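Please look at the structure shown here with the following report beside it. The text begins with the open spaces of the protein and then turns to its strands, helices and aromatic rings.

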Amino acid sequence: MDNLINRKEYLEQLSAWREKDMIKVVTGVRRCGKSTLFELYIKLLKSDGVADKQIILINLEDDDYCELLNYKKLHTYVNAHLQKDMVTYLFIDEIQNCKEYERAISSLFLRKNIDIYITGSNAYMLSGELATKLTGRYIEIDMLPLSFIEFSKVVQIEDRNERFNQYMNMGAFPYATRLIDNSLSHSQYLEGIYSTVLVKDVITREGINDITLVKSIAGFLSSNVGSPVSAKKIADTLTSSGRPTGSGTVDTYLAALTDAYLFYKVNRYDIKGKMHLKTESKYYCCDTGLRNMILMTLNKDIGHQIENIVYLELLRRGYTINIGKSGRGTEVDFVAVRNKKTEYYQVSASVLDENTLGRELESLYKINDNYPKFLITLDAYIGDHSGVQQINLVDWLTREHSIDGGYDPCGNCKP
């Protein structure tokens, strides 16, 4: 327990919903720390006086609980362990392994004095009967690998920029931080995660049987992070390389990869017309280290890598994110909305070249509103460009924040 990495923001979210009449659903790619979060939260509950008998912890990946993969037996088991005169805290890990689990959960939810927490590694679990039966009765907490702040607390690299380079290139799966000094073991660990996700959360769960095609599409998304992508574009690329594929098939596989939280799809939004566009979307990988493993590259296309990092950090901080169309031929990397407040983010590795700076600022200048606008780069310079705040990425990642909006994106930075 002492070796567990503290996930402060996620613990705060669970604590905020404690004993509320809602099912807490923690989702995210495998090995991002969902099981550890339950351990940390249970430790917190016990420190607050909760007795062992009030806690039911079931891991449906563990063979010790294989009988509970039947929803009726799961229901019976939990009922037998409920406390009558005090709150029972129910934790079920990888709930999607139990067929028709939603029948057990929806029934248990009707009981008094039960506080339910579940995890899952596939978004499909929230698109079926659970969502139908319990509309408005569950909240989803989307969990990601470590933030740079969390990474910095466990990786002993004194120089901040060197530490960031490791974060960008090696990624931030919690256990992988123990393998930073062994590139072979680190790579093997990420390959293991990737294979498990593809087999358990894409191939098996979605009934897909062409793993080569899945890997080809995942490779395409990885190499095109931050670039507009469509099913037709992918299908045409695969077909031209000798693998005839229809856009309908690609659509199915794209949905499977995003359902497994391996990639996140971001839609485009017309800022002036205030409407979502049906044209090409962008995809970002759940972890830059995993992306580099898929592509078998390091230290390449840094601009796209840091754009991926900014997207994940905005997601971590509770924003709803779109790609912004700001004018003819110009786009803003991220339109981020939180607590009904909008912010605009443009991301570039460097804007020391005047032409690059002008191009990056142009998209922001075309937005005719007074919402905050930020240009995030790796440059040391920070300052103001006619209302656009330029921020150093590592500075931005290092500042503490809170989900409730108590965060200044720029940290009142000055030139």
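The largest pocket is lined by 19 residues, and those that lie nearest its centre are R31, G33, K34, S35 and T36. A pocket here is found on a 1 Å grid over the protein atoms alone, as an open set of points with protein on both sides within 12 Å along at least five of seven lines, whereas a cavity is a set of points where a 1.4 Å probe fits but cannot get out; lining residues have an atom within 4 Å of a point. This is a predicted model, in which local features need pLDDT of at least 70 and side-chain atom pairs count only at pLDDT 80 or more, while totals for chains, interfaces and linings use all residues. Residues are numbered from 1 along each chain as its sequence is written, and side-chain values use heavy atoms, with hydrogens and water left out.

Helix α2 (residues 34–47) gives the most to the lining of the largest pocket, with three residues; helices (H or I, at least four residues) and strands (E, at least two) are DSSP runs, numbered from the N terminus.

For the classes, Ala, Val, Leu, Ile, Met, Phe, Trp, Tyr, Cys and Pro count as nonpolar, Asp, Glu, Lys and Arg as charged, and the others, Gly among them, as polar.

| Pocket | Volume | Lining residues by class |
|---|---|---|
| Largest pocket | about 430 Å³ | six nonpolar, five polar, eight charged |
| Second largest pocket | about 330 Å³ | ten nonpolar, three polar, four charged |

The largest cavity holds about 60 Å³ of space, and its lining divides into seven nonpolar, two polar and two charged residues. Helix α13 (residues 302–316) gives the most to this lining, with three residues.

How are the strands arranged? Five of them form an open sheet with parallel pairing, in the order β2-β3-β4-β1-β5, where two strands pair if DSSP finds at least two bridges between them. The edge strands, each of which pairs on one side only, are β2 (55–59) and β5 (138–142). Within the sheet, β1 (residues 23–27) and β4 (residues 114–120) are joined in the parallel sense over four bridges, and V25 has I118 in β4 as its bridge partner.

Helix α1 (residues 8–16) lies across β1, β4 and β5, and runs at about 175° to β5. Contact means heavy atoms within 4.5 Å, and axes are lines fitted to C-alpha atoms, for helices over the stretch in contact, with angles from 0 to 180 degrees between N-to-C directions. Helix α4 (residues 101–108) lies across β1, β3 (88–93) and β4, at about 160° to β4.

Finally, the structure holds 16 aromatic pairs. Among them, Y345 and F374 are stacked, with 5.2 Å centre to centre and 25° between the planes. Rings of Phe, Tyr and Trp (its six-membered ring) pair if their centres lie within 6.5 Å, and planes under 30 degrees apart count as stacked, over 60 as edge-to-face and the rest as tilted.

Notes: Points joined across faces, edges and corners; volume = space filled by probe spheres on them.
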